[in-house]
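Welcome! Take a moment to look over the model below, and then we will walk through it topic by topic.

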Amino acid sequence: MTEGFWDNVLLLKGLYDQALDPVAQRWKLTRMELDLLLFLHNNPDRATAAEAVRLRRWTKSHVSAAVHALKARGLLSACHPQGNRKTLLLAPLPAAQPILQNGLEAQQSFFQSMRRGFTPGEEQALDAIAEKIARNIRDAMNK
């Protein structure tokens with residue numbers, strides 16, 4: 001199982017890259033910039049730089065560079081809540097909507113490719129197993 005598991009992880013990453021890299025290239029963004037925009041869109045309740053770093057395991061420096069580049073292009077707003085200089089609230093701006101639409105379509109295509117041929121029951125089982133694996137990993141990391 002171990003070798004097959006890692007093969008699958010690499011295959012999933014490769015398919016995801018194949019889906020998203022053309023979007024980043026089309027809009028002249030780095031993958032980090034595109035990934036950050038998609039993260040913020042898909043997780044509006046976690047729209048801070050710190051949450052992006054914590055949840056996606058991205059480095060602070062990469063998130064910071066992406067924030068600065070996206071702000072400079074008018075694609076992202078970034079502000080500190082009043083009285084809190086540590087938290088940076090992030091939100092895609094309207095100019096980012098075409099990029100987000102393109103990125104969301106690529107994500108959807110990725111998931112459709114990955115789940116092609118699955119029955120609804122198999123999809124539910126996969127989701128349950130993936131959630132169990134994620135929970136076990138989070139628990140192991142917090143020990």
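Start in the middle: of the 29 residues in the largest nonpolar core, Leu 34, Leu 36 and Leu 37 touch the most other members. A nonpolar core here is a set of buried Ala, Val, Leu, Ile, Met, Phe, Trp, Tyr and Cys residues joined through side-chain atoms within 4.5 Å. Buried means under 20% relative accessible area, exposed means over 50%, and partly exposed is in between, with a 1.4 Å probe and protein chains only. This is a predicted model, in which local features need pLDDT of at least 70 and side-chain atom pairs count only at pLDDT 80 or more, while totals for chains, interfaces and linings use all residues. Residues are numbered from 1 along each chain as its sequence is written, and side-chain values use heavy atoms, leaving out hydrogens and water.

- H2 supplies the largest share, seven residues.
- Leu 36 is in contact (heavy atoms within 4.5 Å) with Ala 52, Trp 58, Val 63, Ala 66, Val 67, Leu 70 and Leu 90, leaving aside neighbours within four places in sequence.
- In soluble globular proteins, nonpolar side chains tend to be buried together.

**The overall build**

- The protein has six helices and two strands; these are DSSP runs numbered from the N terminus, with helices (H or I) of at least four residues and strands (E) of at least two.
- Along the sequence, the pattern reads α-α-α-α-β-β-α-α.
- The C-alpha trace spans about 50 × 40 × 25 Å along its principal axes.
- Of the 143 residues, 28% are buried.
- Among contacts with a separation of 6 or more, 51% are between residues 24 or more positions apart.

**A buried arginine**

- Arg 31 lies in helix H2.
- Arg 31 counts as buried because its relative accessible area is 19%.
- The side chains of Arg 31 and Asp 17 are joined by a polar contact of 3.0 Å. Such a contact is a pair of N or O atoms within 3.5 Å; within protein, one must be able to donate a hydrogen and the other to accept it, and residues adjacent in sequence count only if both atoms are side-chain atoms.
- Not counting residues up to four places away in sequence, Arg 31 touches Tyr 16, Asp 17, Leu 20, Asp 21 and Ala 24.

**Helix H3 and what follows**

- The buried residues of H3 are Ala 49, Glu 51, Ala 52 and Val 53.
- Their cover includes H2, H4 and strand E2 (89-92).
- Arg 57 follows H3 and sits in the loop between H3 and H4.
- Although Arg 57 is not a glycine, its phi is positive, about 60 degrees.
- With a relative accessible area of 57%, Arg 57 is exposed.

**Another positive phi**

- Lys 28 is found in the loop between H1 and H2.
- Lys 28 is not a glycine, yet has a positive phi of about 55 degrees.
- Lys 28 counts as exposed, at 68% relative accessibility.

- Leu 126 touches Arg 115 and Phe 118, not counting residues up to four places away in sequence.
- Leu 126 and Ile 99 are 27 residues apart along the chain, and their C-alpha atoms are separated by 29 Å.
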